[in-house]
Amino acid sequence: MSESGEMREFGYILELLTKGKVTIKNIERELICPACKELFTHPLILPCQHSICHKCVKELLLTLDDSFNDVGSDNSNQSSPRLRLPSPSMDKIDRINRPGWKRNSLTPRTTIFPCPGCEHDVDLGERGINGLFRNFTLETIVERYRQAARAATAIMCDLCKPPPQESTKSCMDCSASYCNECFKIHHPWGTIKAQHEYVGPTTNFRPKILMCPEHETERINMYCELCRRPVCHLCKLGGNHANHRVTTMSSAYKTLKEKLSKDIDYLIGKESQVKSQISELNLLMKETECNGERAKEEAITHFEKLFEILEERKSSVLKAIDSSKKLRLDKFQTQMEEYQGLLENNGLVGYAQEVLKETDQSCFVQTAKQLHLRIQKATESLKSFRPAAQTSFEDYVVNTSKQTELLGELSFFSSGIDVPEINEEQSKVYNNALINWHHPEKDKADSYVLEYRKINREDEMSWNEIEVCGTSKIIQDLENSSTYAFRVRAYKGSICSPCSRELILHTPPAPVFSFLFDEKCGYNNEHLLLNLKRDRVESRAGFNLLLAAERIQVGYYTSLDYIIGDTGITKGKHFWAFRVEPYSYLVKVGVASSDKLQEWLRSPRDAVSPRYEQDSGHDSGSEDACFDSSQPFTLVTIGMKKFFIPKSPTSSNEPENRVLPMPTSIGIFLDYDKGKVSFYDMDHMKCLYERQVDCSHTLYPAFALMGSGGIQLEEPITAKYLEYQEDM
């Protein structure tokens, strides 16, 4: 806060306190010293315009001076004086308060210390503390605050015999308080003391006249507007303020008080707004509490859903295992019963042995044939034994590795991956939109999703989504003269980051018109330098201009060097953009008809003629009369980092009203059918100037240069922009 600001603040607060508009207990935090954190005691105004107690300044200087002289001691490693102020002895305080005091001849007195209020280093100069103003206004307010705090404690008369009476007045000249009787005795009528200034009971007696700290015998009677501090006439005559602009103290008092009064009245008038905002904050706190509880309930619901899914899957898996186990046991039981039958065939073997004892061949054959089939079947069963089912349940092992990993990464939506940031400087819109973004965890993101939508005032349109593997994307097929919002989010597996902050871009008012500079029609290769791509031209105003110096002295005017586009326009709406180099001295840009170009290129007029106005295409003296009529060309002037709007009857003739900062990129919109041309600031797609133009002939993009300058055509946004960003 400046000194004038501090005077205004405390002076007007004092007035408001007198009027009862502000309760004195509400200003306590303004009366606390930033060093000792207590009420100010004899506050001084530092060069940085903050106030600090007189004793605190001394303590800071002593602490820093001791640290400077005791660098090798243990005390030099203690905490900074900004954090802790040790209490120096009284003899040190007395020594440092003397002007020119030094500890010894080799150690200079410390006059630089950090302000506890703003933490900036302040230099007290050679006079030290004695060069500081005492803040009497702040001191008065502190004293009034103390009195309000001890309202029950009265100030007693200093002259009464015991017991003293309660005082009713305090004399500022005598620096004493009096009751009514003592005041009459010590200030009798007809004496000089009767003319003393008296106030209500107080213990704060300040000088009636503010004296200059640099010239102690001179009173303050002026105010330095450059340094913003009160000064005396010696400071103005031969001191540090000799060449500074000063004003009278009464004038400064009136001006500063009026300004501060308006500021305070404004703040007081906003009381209802502050109360409304406090109510809004209370509602926001309640809403936050409710939303927090709702978020907890939603989290519990999500986990309960997971539990239900797990329980359902668990029941299904266990049921499948039980069914498979039962089926396999049944198969084993059947097979076991079959083999149990083989054991029962032991009687068959004995029976076969008895059949072998039969000697009658016919009877043996009759019986042995059927017996042979039975024994053969049992033998084959023993040769090809194979279990009817498997005992392993490997097919029924639950694979939870993927789910375990996902559950381990289970977290809030916003903390799964960092939010990408759209780079506004590298993002642009022209014929297409190029959106470039930066992601702190680029290598950790698998992909990105770029969202965009057209901003429509009537209804909310849905977002379009495009999946992108890199960190940039070209958006095509955007509508002209529209506003689009873009945002991006990152994906890592199934984890999604929140959306980035939205970027708002405005598309051109018409399709982009592609052309290059024409190196044949009127191109002056002595003054202009065209690159091989024919999208950049520079004006070489050097040696040739020096050679023409003699002709300039005798009235010859240097002409503009024109260059046009290689493609003409005969219908429709078109838009193109370019950049004018900041060092350019004078550049004119716009449109011109074919017949007007022939006139320029065959017999160019004097560009600096006092009667010639290039912005309108006719004599500047008739500007007002013929402004409404369409001209066969329209050019605006750009140069010295400024954009100059041509004069018109509706605009002021003051130059500052027609001068704008030069945009980074300039766009031109030609509506051939309506005969209108407009000039745009491409950064914000804002129209800077618009007027009618005669479209009875073919119109060409026209440019003119004089002196050093350069023009670069904007290139359409293609895939090479993405390659460029990847190289970066």
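Me: Which residues is Asp 561 in contact with, once its neighbours within four places in sequence are left aside?

Reply: Contact means heavy atoms within 4.5 Å. On that basis, Asp 561 touches Asn 524, His 527, Leu 528, Phe 703, Ala 704 and Leu 705. Keep in mind that this is a predicted model, where local features need pLDDT of at least 70 and side-chain atom pairs count only at pLDDT 80 or more, while totals for chains, interfaces and linings use all residues. Residues are numbered from 1 along each chain as its sequence is written, and side-chain values use heavy atoms, with hydrogens and water left out.

Me: Where is Asp 561 placed, and is Asp 561 buried or exposed?

Reply: Strands (E, at least two residues) and helices (H or I, at least four) are DSSP runs, numbered from the N terminus. Asp 561 sits in strand E23 (residues 561-564). Buried means under 20% relative accessible area, exposed over 50%, and partly exposed in between, using a 1.4 Å probe and protein chains only. Asp 561 has a relative accessible area of 11%, so Asp 561 is buried. In sequence, Asp 561 and Val 587 are 26 residues apart; in space they are 9.6 Å apart, C-alpha to C-alpha.

Me: What about Ser 593: which strand is it in, and why does Ser 593 count as buried?

Reply: Look in strand E25 (residues 586-593). Ser 593 counts as buried because its relative accessibility is 1%. Skipping neighbours within four places in sequence, Ser 593 is in contact with Pro 632, His 697, Thr 698 and Leu 699.

Me: How many residues does the largest nonpolar core have?

Reply: General idea: in soluble globular proteins, nonpolar side chains tend to be buried together. A nonpolar core is a set of buried Ala, Val, Leu, Ile, Met, Phe, Trp, Tyr and Cys residues joined through side-chain atoms within 4.5 Å. Here the largest one has 45 residues, and those with the most contacts inside it include Phe 575, Trp 576 and Phe 703. Strand E24 (residues 573-580) gives the most to this core, with 5 residues. At least three residues come from each of domain 3 (421-507) and domain 4 (528-602 + 630-713), with bounds from an automatic or database domain assignment.

Me: And which residues are in contact with Trp 576?

Reply: Leaving aside neighbours within four places in sequence, the partners of Trp 576 include Tyr 430, Phe 513, Ile 569, Ile 666, Pro 701 and Phe 703. Apart from this core lies another, of 25 residues, among them Ala 35, Leu 61, Ile 129 and Leu 132.
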